[in-house]
Amino acid sequence: MHTLNTTTTGSQDPIDPNRNLDPDQYPHRNPSHPQSRRPRGFAATAAAASMGQADSDVNNGNITGETSSGGGGGGGGGKGKREREKEKERTKLRERHRRAITSRMLAGLRQYGNFPLPARADMNDVIAALAREAGWSVDADGTTYRQSHQSNHVVQFPTRSIDSPLSSSTLKNCAKAALECQQQHPSLRIDDNLSPVSLDSVVIAESDHPGNGRYAGASPIPSVGCVDANQLIQDVHSTERRNDFTENFYVPVYAMLPVGVIDNFGQLVDPQGVRQELSYMKSLNVDGVVIDCWWGIVEGWNPQKYVWSGYRELFNLIRDFKLKLQVVMAFHEYGGNASGNVMISLPQWVLEIGKDNPDIFFTDREGRRSFECLNWSIDKERVLHGRTGIEVYFDFMRSFRSEFDDLFVEGMIAAIEIGLGASGELKYPSFPERMGWIYPGIGEFQCYDKYSQTSLLKEAKSRGFSFWGKGPENAGQYNSQPHETGFFQERGEYDSYYGRFFLNWYSQLLIGHAENVLSLANLAFEDTKIIVKIPAIYWSYKTASHAAELTAGYYNPSNRDGYSPVFETLKKYSVTVKFVCPGPQMSSNEHEEALADPEGLSWQVVNAAWDKGLLIGGENAITCFDRESCMRLIEMAKPRNHPDSNHFSFFTYRQPSPLVQGSTCFADLDYFIKRMHGEVIYRDKHWLELGKQNRAIEVAWS
């Protein structure tokens, strides 16, 4: 008789037999089966087979479950229960430590080993990649074997899957085989200068072995003697040129004009100072400038009364310097601890409406209102003097398009960025500093206004669980840590039936808002590039729940990809993603305390967008950079040896104060721009400056 054991061993995840599974998400599973999460990668094939065997055993009555009182069957008592609880806590600590180590291993393999590991890679994927690196073949079901024995007439060139690059040892073996081939066939000559280093990206094509179906696609190239050496050298040289081409990609750089050039009455504050700023930017060879167009200024005093005069004067100055322009439709407020004396609120007439109807703003569980932006739940509610939220946004965008039609026609306005939430990013205002939030707090859900609660209750009733129609009551405070809450802790309520229902509804509200606004933005700005900014919420990323991302609206726990559904929506409207690149790496202690992983988050977001076929731009999250931080930004924007040669389509440098004041704390800004433009490249351990004539490649490569 088989016994179903739920004890955690080794590096496996602890299994909770009482864990709830959503029947809508897992219709093929019985909740009594002790599986805590969906298998991924190689685990999927084995799991399907083991589940079939388990179902067969259950039907035949061969499996019995252990009783809750322990393996003894009855009398563990209080002492035994306490021991089990202690062991459970120790298991959690070991598991947390193991996951931290795994995260560092995966980051290192991706960054330094050129291993194309998937976003949700597990240890099976790592072992498979290392096995292929050592020359083994690994099938999709995990079957691992050496290459089959070939005829003596065939030279054994070590072959590799396209998924993993060649190692130096493999290349040495390949070179050795080629030399042996040359001795057997003197007519073939191999360049003496060809070194293993120059073969970094050579991939020998695979072909089916006619004699054995199992090794199809994994056998060496059949040949009467050996691979033609001249063809091999030609492939190497073409690969080197491709890598140089990747290094030379032209990435346009835009500089952000400081907030405050337009005052709260819509007038240009210091035309001469702006002219000096633009002149300095031009001397740095930036491609253009980015300017925020504030809803709270242009339509600040009366609905549908737009004041564009200050922006017209500013845009004329920019035109004189022949710079491109990206304009941000800023539907949020500006102000806070880091904004100095500049304060830009939402329009005054909107704030007046909010006094009588405060539910037009996002609300936390304590009833505190956030005035950073309008509540997304009023997108289709006529509460703004007879207009809905999206109608207000559309009228503003349409007025801008009509006012500056001449700049669109001549191509000066290169792109429009649509503000979709707090700080102009697609996120809930879940980290408000005015409410006392301090990094790395998890934030709070912002859904306790009457409109959001009505929507949640309606969704709960449609599922037949009306008691789910309310927000979580155990999700902590703004500065709580995940393990301090019942909702976000390990195996917390976030992964229960209710938790999955609520988080799905909460994230769908974010996606729905993006779709509502972008559909109208495409009408207002047809044939113009649309940009949407995605935040970098990297703290609590090493926890199972990813609590900070959940409160911000991204349903991205460790067992679910929360960014792909967002990018699916953005793809429908041909949006370019602007990702807020995290700042310099923190110390190891700060990493551990914040449970942060900025590199892991960046890798997931950027590659998820590229996988959906989206263009990506970048923007710095901090303004002060040393050379090391500068190099990390360049590596993110122009990754070396990317198999698809993907790179950023532009980069925006945000500086809080005017550059001409000498306050820039980015000493290598000029060097950074040259690297992004491809005017300086790394070749043979030396930096080479190609000159400004290289800018001519912009048209060919953009």
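Ser602 is found in helix α17, where helices (H or I, at least four residues) are DSSP runs numbered from the N terminus. The model is predicted: local features need pLDDT of at least 70, side-chain atom pairs count only at pLDDT 80 or more, and totals for chains, interfaces and linings use all residues. Residues are numbered from 1 along each chain as its sequence is written, and side-chain values use heavy atoms, with hydrogens and water left out.

**Ser602**
- Ser602 counts as buried because its relative accessibility is 6%; buried means under 20% relative accessible area, exposed over 50%, and partly exposed in between (1.4 Å probe, protein chains only).
- Beyond its neighbours within four places in sequence, Ser602 is in contact with Phe579, Pro582 and Met636, contact being heavy atoms within 4.5 Å.

**Helix α17**
- Helix α17 covers residues 598-611, 14 residues in all, and reaches 20 Å from its first C-alpha to its last.
- This reach is close to the 20 Å expected at 1.5 Å a residue, the expected span being 1.5 Å times one less than the number of residues.
- Eleven of the 14 residues of α17 are buried, so the helix is largely enclosed by the rest of the structure.
- Among the buried residues of α17 are Pro598, Leu601, Val605, Val606 and Trp610.
- Gly613, which follows α17, has a positive phi, near 80 degrees.

**Cysteines**
- A search of the whole structure finds zero disulfides, a disulfide being a pair of cysteine sulfur atoms within 2.5 Å.
- Cys373 is buried, with a relative accessible area of 4%.
- Cys581 is also buried, and its relative accessible area is 2%.

Technical notes: Helices (H or I, at least four residues) and strands (E, at least two) are DSSP runs, numbered from the N terminus.
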